[in-house]
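Take a look at the model below. A short walk through its architecture follows, from the whole chain down to single residues.

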Amino acid sequence: MSSGVCRRVLRAAGSWPAASSSASRSWITSSGCRLRCEPRRGMSASGGKGTMNVFNREMKKRQKNWAASLQDGDQYDYLRDEVGSRVADRVYDITRTFPLALDIGGGKSHIAEHISKDVVERLFLTDISEKALKQTRRGEIPTHHVLADEEFLPFKENTFDLVVSSLSLHWINDLPGALKQINQVLKPDGVFIGAMAGGETLYELRCSLQLAEIEREGGFSPHVSPYTAVTDLGNLLGRAGFTMLTVDIDEVQVQYPGIIEVMTDLQGMGESNCAWNRRSLLHRDAILAAAAIYKEMYGNGDGSIPATFEILYMIGWKPHESQAKPATRGSASVSFGDLSKISQPTNTNKS
């Protein structure tokens with residue numbers, strides 16, 4: 001893809017929204033056409049004034065860069081590959097071709113590798129980690145890489161026919177603002193398909209660590225990041241301007257030898273806790289106690305332990321006049337009371 005195409009898609013200089021005053025543009029190169037955005041602590045880049053800053057985005061970038069630099073990093077991609085394939089399945093459920101698509105937080109391109117160029121003709125892939133972008137898997141879709149924070153999308157409005165995201169949005173400070181930006185960069189009648197970790201993710205690990213720290217230290221600190229509840233997701237999509245919403249839940253359960261392997265794999269995925277209020281030090285005796293509690297409460301008969309990942313899938317469409325509209329209130333010709341008569345046999349009189 002030429003740099004000219006990239007320049008037409010990226011926001012023109014001077015057109016950055018006022019809410020992004022806390023972000024700084026570092027560089028754009030015509031050959032690679034990469035954009036770097038670094039929000040300051042205390043305010044989300046997309047949220048404007050008063051946005052709660054829960055996650056340290058700079059820490060998350062370092063975690064993902066470290067994970068991408070591992071020589072054996074591919075062995076930790078099993079969850080992203082699985083969820084990415086399920087997002088791709090939802091793309092195939094829509095019977096149309098998308099001339100231009102955007103993958104937010106795509107990393108090594110875990111979604112695009114499952115999609116053919118007959119469905120998506122061109123793709124822009126963004127991530128906060130430069131090292132992850134350099135390890136993007138080659139697919140048949142012409143792909144252009146943009147180094148950018150998911151909290152601030154550097155694209156013009158009404159640009160993309162499809163936006164996808166897999167296991168990235170749960171680290172965003174201002175999720176309503178991010179969803180609104182996604183809606184803005186979509187063309188009318190464009191669709192957003194995303195997947196993110198839900199509120200019950202890693203509940204076994206969270207409970208075990210809390211009980212262990214209460215027992216050993218008389219209190220506990222958050223070691224597992226907070227996640228969005230499924231009951232809030234539909235409302236957030238609606239507030240962002242999406243219509244014809246679909247939200248569903250899936251659970252992926254992975255079996256591990258012990259709690260150390262769970263935390264090691266999370267680190268290898270770049271999914272370690274990056275909340276500002278996290279406690280960086282976990283004492284050895286607390287870890288040993290958590291391991292025992294984990295196996296006692298959730299362990300399997302063969303000695304392994306499960307780790308549950310609750311995945312929230314969402315689909316939302318940008319409004320367009322061609323889309324189906326709900327019927328006008330009071331225009332129904334059949335009463336709900338008549339529905340109970342459908343299953344009743346019809347009486348016939350024999351002469």
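Predicted model: local features only at pLDDT ≥ 70, side-chain atom pairs only at ≥ 80, totals over all residues.

The protein chain has nine helices and nine strands. It holds 351 residues, and 50% of them count as buried. Now consider the contacts in the protein chain with a separation of 6 or more. Of these, 76% are between residues 24 or more positions apart.

Next, the strands. Strand 4 covers residues 120-127. How many of its eight residues are buried? Six are, so strand 4 is mostly covered; buried here means under 20% relative accessible area. Strand 4 pairs with strand 3, residues 98-104. The two run parallel, and five bridges join them. Within this pairing, Asp103 stands opposite Leu125 of strand 4. Strand 4 also pairs with strand 5, residues 143-147. This pairing is parallel as well, over five bridges. Here Phe124 has His144 of strand 5 as its bridge partner.

Now move to a loop. Asn56 lies between strand 2 (35-37) and helix 2 (57-68). Is Asn56 buried or exposed? Asn56 is buried, because its relative accessible area is 10%, and the cut-off for buried is under 20%. What does the side chain of Asn56 reach? It reaches the backbone nitrogen of Met59, at 3.1 Å. Leaving aside neighbours within four places, Asn56 is in contact with Cys274 and Trp276.

Finally, the surface. Phe336, Leu339 and Ile342 make a nonpolar patch of about 390 Å². Leu339 is found in the segment after strand 9 (305-317).

Terms used
Residues numbered from 1 in each chain as written. Heavy atoms only, no water. Patch = residues over 30% accessible without salt bridge, like charges linked within 9 Å, V, L, I, M, F, W, Y side chains within 5 Å. Areas by Shrake-Rupley, 256 points an atom, 1.4 Å probe, with all protein chains shown as cover. Salt bridge = Lys/Arg side-chain N within 4 Å of Asp/Glu carboxyl O. Helix = DSSP H or I, 4+ residues; strand = E, 2+ residues; numbered from the N terminus. Buried < 20%, exposed > 50% of the residue type's maximum accessible area, 1.4 Å probe, protein only. Pairing = 2+ DSSP bridges. Polar contact = N/O pair within 3.5 Å; in protein donor to acceptor, adjacent residues only side chain to side chain. Contact = heavy atoms within 4.5 Å.
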